[in-house]
Amino acid sequence: MAFQERNMANTSDSEDIVDLAQYWITIKRAKWGILLITLVCLLVGVLMARTATPVYQAASKILADPQQPNATFETAPVSFAMIPLFYQTQYEIIQSRTIAESVVDKLELVDRYKREQAKKLAEEKTLLQKIKTKVLGESAADTKPLTDAEIRVLLALELRSNLFVSGGEQTQIINVSYQSENPKLAADIINTLAQSYIQFGLEARLDDVKDTETWLSKQSAELKDQLTKAENKLREFRIQQGVVDSNLQQQDSNSRVQTLSDQLISAQTQLSSAEELYLQVQKFNSDSNEFLTLSPIQQNLTIRQLVTEESRLQSRANELFERYKEKHPKMISARSELKSVKASLASEVQKVVGAIESDYELAKQQVKNISTLLQQEKAGIQSLQGSNYTLTALERDVENKLRIYESFNERLMEANIKGDYTASNIQVIDYASVPKRPISPNVKIIILFATFLGVILGVCIALLREMLNKTFHTPESLEENLNIPSLGITMALKKKDAHGIPELEYSKDTETVFAECVNTIRTSLQFSDIERPPKTILISSANSSEGKSTLAMNLAAAYSQLGKTLLLEVDLRKPSVAKNLNIRSNIGLTDILSDAKTFDECIVKTSAVKGFSVLPCGHIPHDPIGLLSSQRFSDLLKTLKFEFDHIILDGPPTLPVSDACVIANHVDGVIMAVRAEDTKIRVSKEAVSRLTKLNANVIGAVLTVAEPQKMSFYGDHYYSGEYYGNSKGA
């Protein structure tokens with residue numbers, strides 16, 4: 001039980017780990033099948049490469065500038081976002097049916113196709129066609145031939161299907177290639193297609209220019225007629241109203257208003273300055289010296305001279321007063337001169353003050369007069385605009401029609417120039433040359449791909465077979481799937497190595513590899529419980545023909561080397577021990593249980609191995625399970641334990657009948673025989689589960705009819721013959 005719990009824990013931990021080594025072992029085991037599949041795929045690939053028709057590819061490089069050439073040297077910038085759209089459009093144009101049909105026409109591919117078809121029809125008069133003509137009364141001539149137009153369309157479609165266009169993403173170069181079985185035809189098609197593409201661009205642009213020119217000519221004639229009518233209407237209105245050009249009148253009035261506005265601003269400026277001086281004068285007293293601070297008085301030359309003279313005479317009078325006092329004639333004369341100068345100064349100041357007041361009044365009057373004139377002029381302009389409204393409207397209509405007419409004439413002249421301009425934005429950089437080598441079939445690539453495909457297919461088939469093969473291959477697989485110990489294996493014997501039937505192999509030779517395998521199983525049983533090794537051991541299997549009888553007989557022979565051993569046959573439904581051991585007596589276990597015979601009468605001692613006794617089945621009973629579940633069988637088994645050191649029971653299979661489940665509760669342990677590469681895992685699990693549920697002691701399992709060479713494919717090198725026995729015995 002401890003082993004089972006530990007094994008279950010290890011199994012659960014390893015379920016999530018991908019065992020790559022196991023995959024490699026599976027591949028290694030199926031190496032010859034993988035090699036065969038690879039060779040088949042390789043042969044198919046070589047055959048395909050040899051029989052495939054060679055295909056040639058011709059290529060050309062075309063420069064496509066998004067900027068259209070312009071004869072008027074006026075270039076409109078192309079948006080960066082529109083460049084991918086431009087090249088995608090060019091790809092569609094190159095691959096269009098129009099370009100393809102143009103190439104078909106230029107190369108006369110329709111006539112060429114008709115000649116080739118006629119030649120094929122002449123060469124391909126097969127036996128089947130002759131039988132069809134004789135039996136059904138039909139002939140090739142009865143089939144309606146295609147018209148030239150239909151052939152032209154078919155050839156264009158075929159041309160488009162073999163045409164490849166790329167480039168134009170990081171550069172302005174477009175790569176165009178064509179694939180064909182005829183190398184010269186491929187080069188001719190590419191070169192002709194490039195010319196057709198350039199010609200298509202020129203024709204499309206010229207058609208657009210011609211359409212524009214026609215429309216502009218028509219519109220220009222209509223606009224000229226409208227302009228003439230508008231001019232005649234304006235001339236008639238001027239004659240009727242007796243007016244001149246409204247623009248001249250408006251310009252004259254505007255000029256006068258502008259002049260008056262400038263004069264009004266100047267007069268208002270002068271009035272502001274005069275008003276400021278006038279207000280200062282009004283603040284001063286009439287005899288005050290504060291007038292001398294005024295700017296106009298200070299700028300008066302006479303007043304400055306009088307002020308200077310007054311200052312000189314005042315200084316002289318002061319000196320004379322200090323010297324002669326007031327009554328002195330010189331003093332009197334100086335005072336008289338000073339008084340005269342002051343009087344003159346006061347008179348001049350009054351003149352300047354009077355001038356300031358006069359200037360102020362004059363400035364006020366001037367502002368008033370100019371304002372009146374400006375208002376009158378503005379009123380005149382408004383009156384003029386109201387009376388000349390119709391004239392202005394007529395003049396504006398003539399002006400607008402003239403402007404539109406001149407614009408259309410300019411565009412018409414540009415269209416005429418563009419119509420004569422044949423420059424193209426498409427240029428051929430590299431013309432296609434005749435290819436020397438085919439691009440397909442690529443023999444190397446096909447062979448490599450076929451080899452790779454064969455290896456992958458072989459590996460997949462091998463892994464699939466491994467997944468679908470739910471059988472036991474190695475002793476380790478017993479432990480992994482059944483959760484019970486693996487006790488060893490019994491080898492599959494080849495005719496050249498066997499000493500007889502497998503059931504007697506150990507008895508014939510104890511030094512063979514087979515004998516060493518049985519000894520290993522015996523040792524595993526002895527050490528399964530060191531303190532109380534099992535004495536009575538039942539050998540069973542899930543179904544029949546899994547090597548349990550062979551295991552039981554040889555294991556009993558091996559135990560006979562250690563002590564008295566009894567081989568007890570408890571498979572009462574299909575017994576085989578007596579037949580394999582050449583026992584002629586028909587009595588056995590069933591006779592003892594039915595009290596027909598005694599034990600001594602039924603037991604058989606073999607002469608080949610000392611201490612090896614056999615108790616065969618005897619007569620086949622009608623109720624085997626009744627005998628095996630009886631108290632007498634239990635008592636007999638207890639008695640035999642005292643007589644023999646080891647008892648090996650060759651039991652029935654577990655799943656078909658329930659006999660083994662009954663016997664399992666009377667023995668010390670059960671061994672499950674599992675046939676290598678044959679027994680299904682699901683079946684063995686069910687058998688072990690059934691025994692475990694009945695509290696049977698399942699000691700372990702043995703992989704029977706195993707081939708060490710096959711097991712070595714699973715990566716365990718110790719499965720060689722030398723491990724189990726000497727080479728001489730092998």
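**Briefing: contacts, cores, salt bridges and helices**

Apart from neighbours within four places in sequence, H646 touches K535, Y559, L562, K564, T565 and L566, a contact being heavy atoms within 4.5 Å. H646 belongs to strand β10 (residues 646–650) and is buried, at 15% relative accessible area. Buried stands for under 20% relative accessible area, exposed for over 50%, and partly exposed for values in between (1.4 Å probe, protein chains only). Helices (H or I, at least four residues) and strands (E, at least two) are DSSP runs, numbered from the N terminus.

The model is predicted, so local features need pLDDT of at least 70 and side-chain atom pairs count only at pLDDT 80 or more, while totals for chains, interfaces and linings use all residues. Residues are numbered from 1 along each chain as its sequence is written, and side-chain values rest on heavy atoms, with hydrogens and water left out.

**Nonpolar cores**

- A nonpolar core is a set of buried Ala, Val, Leu, Ile, Met, Phe, Trp, Tyr and Cys residues joined through side-chain atoms within 4.5 Å.
- The largest such core has 79 residues, and L567 and L568 have the most contacts inside it.
- Helix α19 (residues 548–559) supplies the largest share of this core, eight residues.
- Beyond its neighbours within four places in sequence, L567 has contacts that include A552, M553, A556, F612 and I648.
- A second, separate core holds 34 residues, among them A58, I62, A187 and I190.
- In soluble globular proteins, nonpolar side chains tend to be buried together.

**Salt bridges**

- Twelve salt bridges are found in the whole structure; each is a side-chain nitrogen of Lys or Arg within 4 Å of a carboxyl oxygen of Asp or Glu.
- Side chains of opposite charge can pair when their charged atoms come close.
- R97 and E101 form one of these bridges, with their closest N and O atoms 3.3 Å apart.
- Both residues lie in helix α5 (residues 97–106), where a spacing of four residues separates them by about one helical turn.
- R97 is partly exposed at 45% relative accessibility, whereas E101 is buried at 12%.
- In helix α6 (residues 109–123), E116 and R112 are four residues apart, about one turn, and their side chains meet in a salt bridge of 3.6 Å, N to O.
- E116, at 40% relative accessibility, is partly exposed, and R112 is also partly exposed, at 27%.
- K184 and D188 pair at 3.0 Å, N to O, and are four residues apart in helix α9 (residues 183–241).
- D188 is partly exposed, with 25% relative accessible area.
- Through shared partners, salt bridges join R97, E101, D105 and R152 into one network.

- The expected span of a helix is 1.5 Å times one less than its number of residues.
- Helix α4 (residues 83–94) has twelve residues and should span 16 Å, which agrees with the 17 Å between its end C-alpha atoms.
- Its buried residues are F86, Y87, Q90, Y91 and I94.
- Seen down the axis of α4, the buried residues fall within an arc of 140°, so they line one face of the helix; the arc is that of the directions from the helix axis to the C-beta atoms.
- Helix α8 (residues 148–161), with 14 residues, reaches 20 Å from first to last C-alpha, close to the expected 20 Å.
- I151, L155, A156 and L159 are the buried residues of α8.
- These residues cover an arc of only 135° around the axis, which puts them on the same side of α8.
- An α-helix has 3.6 residues a turn, so residues three or four places apart point the same way.
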